[in-house]
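Hello,

Here is the structure I said I would hand over. My notes follow it.

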Amino acid sequence: MYKYSIRLANYLEKKSRKIKRKAQQKLLRDFLNKYSLEEIRKPNEKTDIRFNPYEGTSLFLADELIDSKIIGADEKIMDVGCGSGLFLIYLYDKGFRNISGVEMDPKLYELCKKNIHRYCSLKSIEKTIDIFCENAIEMNIGDDVDCFYLFNTFYDQATYAEWLNRVEESLRRKKRDIKIVLLYPTVASMAAMRDKNWLIESERIICKAQICYQCMNFLVYRSK
């Protein structure tokens, strides 16, 4: 009886994963087709040890983040490592207007520009999203950014810390409340955040519709 129960549980888990995967693929496919957008099929090659390869955010997770109200349409949001720009375009399509992205890979940056142009053309919009082809740990961060979004952007704690120094410089220039939203928080990213005494771990957002929701979740930090 016990062995039968284990086999049944394993079968149901596999079935659940398959259903979730198909639902996610359909949501992505429908959104891409609706606006003639492109997304890379697999993570791009790693060219700098400090940065992880770009991987697009699941639209299921994007919906979960939006529904959580952690990010607001009135905030200035920056996607650090925006890749193809799909997450930003999805936010814009959901009513977010004050958004921007930074991407250092020239090919991904060009794809991002092309996707935004296609979206704008189909929606008859003149301008939607500001994007920058820069190294995030070297750029001057705008003093109007309220929220930073990162999907496992940097590889190690030292690189996260270097980027956080840029954020701190911006805060010194203009004191304000900010939040940092991490998708797939890692040992390196959490250690870097916890090492900054001006940040506090705020909340975690879990999306059970995601296949690996125990690790693929959002962790939010806020300035003190």
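Helices (H or I, at least four residues) and strands (E, at least two) are DSSP runs, numbered from the N terminus.

This is a predicted model: local features need pLDDT of at least 70, side-chain atom pairs count only at pLDDT 80 or more, and totals for chains, interfaces and linings use all residues. Residues are numbered from 1 along each chain as its sequence is written, and side-chain values use heavy atoms, with hydrogens and water left out.

β4 (residues 147–151) is joined to β5 by five bridges, and these two strands run parallel. Phe-151 is bridged to Leu-183 in β5. Between β4 and β5 the chain passes through helix α5 (residues 157–173), a right-handed β-α-β crossover (with the strands pointing away from the viewer, the path from the first strand over the helix to the second runs clockwise).

As for cover, five of the five residues of β5 (residues 179–183) are buried (under 20% relative accessible area, 1.4 Å probe, protein chains only). Lys-179, Val-181 and Leu-183 point one way from the strand, Ile-180 and Leu-182 the other.

Over the protein chain, 47% of the 224 residues are buried. The chain has six helices and seven strands, in the order α-α-β-α-β-α-β-β-α-β-α-β-β from the N terminus.

Regards

Terms used. Buried < 20%, exposed > 50% of the residue type's maximum accessible area, 1.4 Å probe, protein only. Pairing = 2+ DSSP bridges.
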